[in-house]
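Here are my notes on the model, point by point. Please read them alongside the coordinates.

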Amino acid sequence: MGRRPVFLAILAAALVLVPAAPVASAAPSRFDLDSADIPALQARMASGRLSAVGLTSTYLDRIHRIDGKVNAVLALNPSALGQAAASDARRRAHRLRGPLDGIPVLVKDNVDTRDQWTTAGSRALRSHPAADATLITRLRAAGAVILGKANLSEWANFRAAKPTSGWSGVGGQTNNPYVLDRNPCGSSAGSAAGVAASLAQVAIGSETDGSIVCPAGMTATVGHKPSLGLVSRTGVVPISAEQDTAGPIARNVVDVALTLSVLQGRDPSDPATLTYPRTQPKDYAKLLRPGVLRGARIGLWRLPVLGPATDAIMTSARDSLVKAGATVVDVTLPYQDRLGELEFPALLTEFHRDIDAYLATRPAGPRSLAELIAYNRADPLEQTCFAGQELFEQALAAPPPSDPGYLAGRAELTDLSRRSLDETLAAHGLDAIASPTNPPAWKTDCAVGDNDVIPSSTPAAVAGYPDVTVPAGFAGPLPVGISFMGARWSDARMLALAADFERVAPARVPPRYLPTSPS
């Protein structure tokens, strides 16, 4: 399952499938791949200056040239060029399926794809799942090109007590493309780093608490953690059905909005989606209008614990919001200490329940959490970065989901997380709460693990409310993001506010792949 042999096979196919003109029209020298959004790419394809095969080939070539530094792409999809050729055929026949038709998408390797292994980064799961995840079915139906699988923090950072984000037994360590010895955060590390390095137009990540927004913030990309129930989790390797969701990561808000429009919807196999409102927008991108911040009321949760460099960027962000016509009010969210006490014990019980249920759907491999623990003990390669699996062992011994103590704790956790946001929004008449997404990235070090006390994601993650992060600035060469959180199902509003902030305070610059930084 090595990445390079698969890539060479795809590149050989490209020599047959891709004529000279489309490849030349897709060359980065002819247009800025980093800044091109989906509408611009579709316009080029509509005019004949670009083809889906040419675009896909450009990304494959870039992966070949760049990913050795970043290690974001765990495995390429051998059918990627074939999917792109099918998109070009649809365009010639005037049967395009929408704005994602022909657009290359990288998928976190905890999302089931029938034509590739889905490993969650673990060597124990090196096998094909039974079927595509529901969200993959929707991407394929929209004509997207599934470019390959992104590396991730193994088991979405839910194995060891002190893990190193971006490392997996299957894929090794993903690096932050801005400074290569700095961490990309987890667990959607490869998804965010791959998009930041322009190795795909869009990527799919997943989050239980912070695993979309933190990697996006650390890599100057846009990440959207949707409201719980907006996007199906069927076929996504779980931690907790009470908090898990999948969502898009891209270099701009419009690409995230277009991708979310495809991913969303009810799924009979995922009960959380049955509360999805019929009134949700069908096309989030149409709501991204300039001037949305004018007259908006934003609560700023500054979180100085993330350090003076991050706080200075929040001061600048506040100034930009005010200049755009928003009223900004300093807020402090209540109940955060209690959320910290309650969340981890609840996740232990839920992980044991949900991972056993997921493993039962796999045609091969371990069938239970107990078998995963046994596998890790026997495989020395699973211990090359961090040896521990303390969370697995604690989850195996955790109370069952019928336990009264667990039920009471989860009920209080959900109630307080929702109140922390709802009461703050209501008390100040707010449209959204903004907060720093992340501090500057820490150095990657397997010996000590992550330095990842980042409280800003927890309220929205536990409540099941939307959270959108966009680039806010840089501490030296290291990106810092700003998150917009709102009430449940306010995803459209959060995307619109984030897009207007992106417009009035553009902060993203492409990565330079610095080997190290003294800061």
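1. How many helices and strands does the protein chain have? There are 16 helices and 13 strands. Both are DSSP runs, numbered from the N terminus: helices are H or I with at least four residues, strands are E with at least two. The radius of gyration, taken over C-alpha atoms, is 21 Å, close to the 24 Å from the globule rule for 519 residues, so the chain is as compact as a globular protein of that length. That rule is 2.2 Å times the number of residues to the power 0.38. Along the principal axes, the C-alpha atoms fill a box of roughly 60 × 60 × 50 Å.

2. On provenance: this is a predicted model, where local features need pLDDT of at least 70 and side-chain atom pairs count only at pLDDT 80 or more, while totals for chains, interfaces and linings use all residues. Residues are numbered from 1 along each chain as its sequence is written, and side-chain values use heavy atoms, with hydrogens and water left out.

3. The sheet is open and has eleven strands, with mixed pairing. Its order is S1-S3-S2-S6-S8-S7-S12-S13-S11-S9-S10. Strands pair if DSSP finds at least two bridges between them. Strand S1 (73-76) and strand S10 (327-330) are the edges, each pairing on one side only. From one strand to the next, the twist averages 30°. Axes are lines fitted to C-alpha atoms, for helices over the stretch in contact, and angles run from 0 to 180 degrees between N-to-C directions.

4. One pairing in detail. Strand S9 (residues 297-300) runs parallel to strand S11 (residues 432-436), over three bridges. Leu300 has Ala434 in S11 as its bridge partner.

5. Helix H7 (residues 189-196) lies across S2, S3, S6 and S8. Helix H7 runs at about 155° to S6 (202-207). Contact means heavy atoms within 4.5 Å.

6. The second largest pocket holds about 220 Å³ of space. A pocket is an open set of points on a 1 Å grid over the protein atoms alone, with protein on both sides within 12 Å along at least five of seven lines. Grid points are joined across faces, edges and corners, and volume is the space filled by probe spheres set on them. Lining residues have an atom within 4 Å of a point. There are 14, with Ser35, Arg251, Asn252, Glu502 and Arg508 nearest the centre.

7. There is one cavity of 30 Å³ or more. A cavity is a set of points where a 1.4 Å probe fits but cannot get out. The largest cavity has about 40 Å³ of space. Its lining includes Trp155, Ile239 and Phe351.
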